[in-house]
Amino acid sequence: MKLSTKHLLGIKHLTAEDIQLILSTAEQFKEVLQRPVKKVPSLRDVTIVNLFYENSTRTRMSFELAEKRLSADTLNFAASSSSAAKGETLLDTVNNILSMKVDMVVMRHSASGAPHFLAKHIPAAIVNAGDGINEHPTQALLDAFSMKEKLGRLEGLKVAIIGDIMHSRVALSNMYLLQKMGAEVTVAGPPTLIPKYISEALGVRVEYNLKKALQWCDVANVLRIQLERQNQPLFSSLREYSLAYGINRRLLDSLGKEIVIMHPGPINRGVELDSDVADGGSSIILNQVENGVAVRMAVLYLLANREN
Amino acid sequence: MIIGLQPRGIFLSDRIVQELEKLVPPATIQYGKLDITFYRDDVRKSLHIASNTDIPFSIENKNVILVDDVLYTGRTIRAALDALLDYGRPAKVALCVLVDRRFSRELPIQPDYLGKAIDTIYSQRVTVLWKENNDSEQVMLLDN
């Protein structure tokens with residue numbers, strides 16, 4: 001059994017079998033992370049460059065940790081302090097790095113499709129760590145892993161994705177993955193932040209009322225409202241957003257049932273989630289972070305094999 | 001303590017532990033399972049799927065017996081030794097196998113406890129069938 005693809009550009013191109021293989025391999029790597037020596041020598045002969053054109057702490061750290069735990073050599077490229085600031089093109093940058101015999105590229109870029117462009121032009125295996133408003137496949141994989149860990153299954157699970165659906169690559173990757181694995185998805189948020197034809201295009205349900213969405217779901221994956229967008233005419237203010245779409249303890253208690261709370265991070269406390277919800281018993285947010293390293297180890301391990 | 005190697009050594013180690021439990025109090029037997037997929041020396045040339053590793057106790061200063069079904073080139077045991085050393089420093093590691101493909105070793109590794117040694121050539125395969133996942137129990141020598 002092996003992956004059907006040479007790169008991880010998005011969930012869109014993965015089969016359900018690929019996803020299953022990644023998740024079960026991640027389970028084995030999670031065990032490795034509990035050992036006294038949290039390392040395996042599997043990728044000892046591999047060099048990986050983390051090409052981050054957009055700022056990120058948690059994703060980059062998670063990838064870096066995953067790479068080191070696999071004994072790979074890692075290289076970090078941060079766009080601001082590099083030749084990109086001098087105007088070097090993406091392709092030039094990458095070809096330069098590859099001439100130094102780097103085997104894999106983990107890439108985050110603000111332009112949707114940047115990793116796909118790279119994949120056409122360079123021989124290395126590429127992992128998409130987030131491209132514009134397109135996809136963030138490893139986030140969806142670790143979300144799925146965490147849901148499965150907590151609730152035992154993905155098939156038939158009811159997942160509500162809440163927030164700025166329009167601009168969220170986490171949401172898109174999750175929608176693709178959950179449906180491939182037999183789960184049902186409802187997106188919830190202000191109408192200005194949900195694409196008009198998303199139901200027809202992606203087969204998800206749309207709900208503008210937060211409480212109804214929470215009543216329906218088993219899991220609520222809550223997205224960060226991007227503070228940069230509060231000056232655009234998409235919602236009147238953060239305060240109004242949080243009154244209508246923020247999740248607090250009182251709202252959760254009024255549902256009369258337990259649901260699982262997830263968030264890709266970083267959380268705007270008091271906006272989309274109150275602290276007592278984010279830190280409470282229904283939240284698996286820290287498990288998501290822990291699982292992220294195991295899932296990324298699995299992705300890198302499986303892709304490194306195809307490299308030959 | 002006994003450590004069975006995944007995926008096939010565990011059938012033998014399960015049996016051994018069952019027999020031991022008839023002779024000594026079960027609580028005194030320390031039994032774990034080890035998967036060495038991530039330590040293989042061909043880990044990037046071919047894709048192997050890992051199974052469970054469960055070593056619920058410290059191996060520090062203990063006498064460990066590794067258990068596997070067939071000893072062939074010795075590379076699996078080499079990987080198992082590397083994996084074990086990441087768990088701690090055992091006082092001693094010994095090897096127990098059901099079948100030893102005698103002159104086929106590629107590394108200097110020999111069994112301490114042995115079922116049967118047989119002579120085979122490179123093109124042959126030795127397969128052990130266990131009743132846990134097959135209809136019959138047998139050791140087969142196959143010409144490919």
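Author: Let's open with burial: a residue is buried if 20 or more other C-beta atoms lie within 10 Å of its own, exposed if 12 or fewer, and partly exposed in between, with C-beta atoms placed from the backbone. In this predicted model, local features need pLDDT of at least 70 and side-chain atom pairs count only at pLDDT 80 or more, while totals for chains, interfaces and linings use all residues. Residues are numbered from 1 along each chain as its sequence is written, and chains are lettered from A and ligands numbered from 1 in the order in which they are written.

Reader: Okay, how many residues of strand β3 of chain A are buried?

Author: Helices (H or I, at least four residues) and strands (E, at least two) are DSSP runs, numbered from the N terminus. For β3(A), residues 104–109, the count is 6 of 6 buried, so the strand is largely enclosed by the rest of the structure. A:M104, A:V106 and A:R108 point one way, A:V105, A:M107 and A:H109 point the other way, and all are buried.

Reader: And which strands do the bridges join to β3(A)?

Author: Two strands pair if DSSP finds at least two bridges between them. Strand β1 of chain A (residues 47–52) runs parallel to β3(A) and is joined to it by 5 bridges, with A:L51 opposite A:M107. Strand β4 of chain A (residues 125–131) is also parallel to β3(A), again with 5 bridges, and here A:V105 stands opposite A:I126.

Reader: Let's turn to chain B. What is the order of the strands in its open sheet?

Author: In general, strands of a sheet pair through backbone hydrogen bonds, either parallel or antiparallel. Here the order is β2-β1-β3-β4-β5, and the pairing is parallel. β2 (31–34) and β5 (113–118) of chain B sit at the edges with a single partner strand each, so one side of each has no neighbour in the sheet. On average, neighbouring strands of this sheet are turned by 25° against each other, direction ignored.

Reader: How many bridges join β1 to β3 in chain B?

Author: There are 3 bridges between β1(B), residues 2–5, and β3(B), residues 63–71, which run parallel. B:I2 has B:I65 as its bridge partner in β3(B).

Reader: Which strands does helix α1 of chain B lie across?

Author: Angles here run from 0 to 180 degrees between N-to-C directions, and axes are lines fitted to C-alpha atoms, for helices over the stretch in contact. Two residues are in contact if their C-beta atoms, placed from the backbone, lie within 7 Å. Helix α1(B), residues 9–23, lies across β1, β2, β3 and β4 (92–101) of chain B and runs at about 150° to β1(B). Helix α2(B), residues 75–85, packs on the sheet too, touching β1, β2, β3 and β4, and its direction makes about 155° with that of β3(B).

Reader: How many helices and strands does chain B have overall?

Author: Chain B has 2 helices and 7 strands, and from the N terminus on they run β-α-β-β-α-β-β-β-β. Buried residues make up 30% of its 144 residues.

Reader: Last one: how many residues of chain A are in contact with chain B?

Author: 14 residues of chain A are in contact with 13 residues of chain B. On the chain A side, α1 (16–32) and α12 (285–306) each supply at least two residues, and α1(A) gives the most, with 3 residues. The predictor gives the complex an ipTM of 0.84 and a pTM of 0.91.
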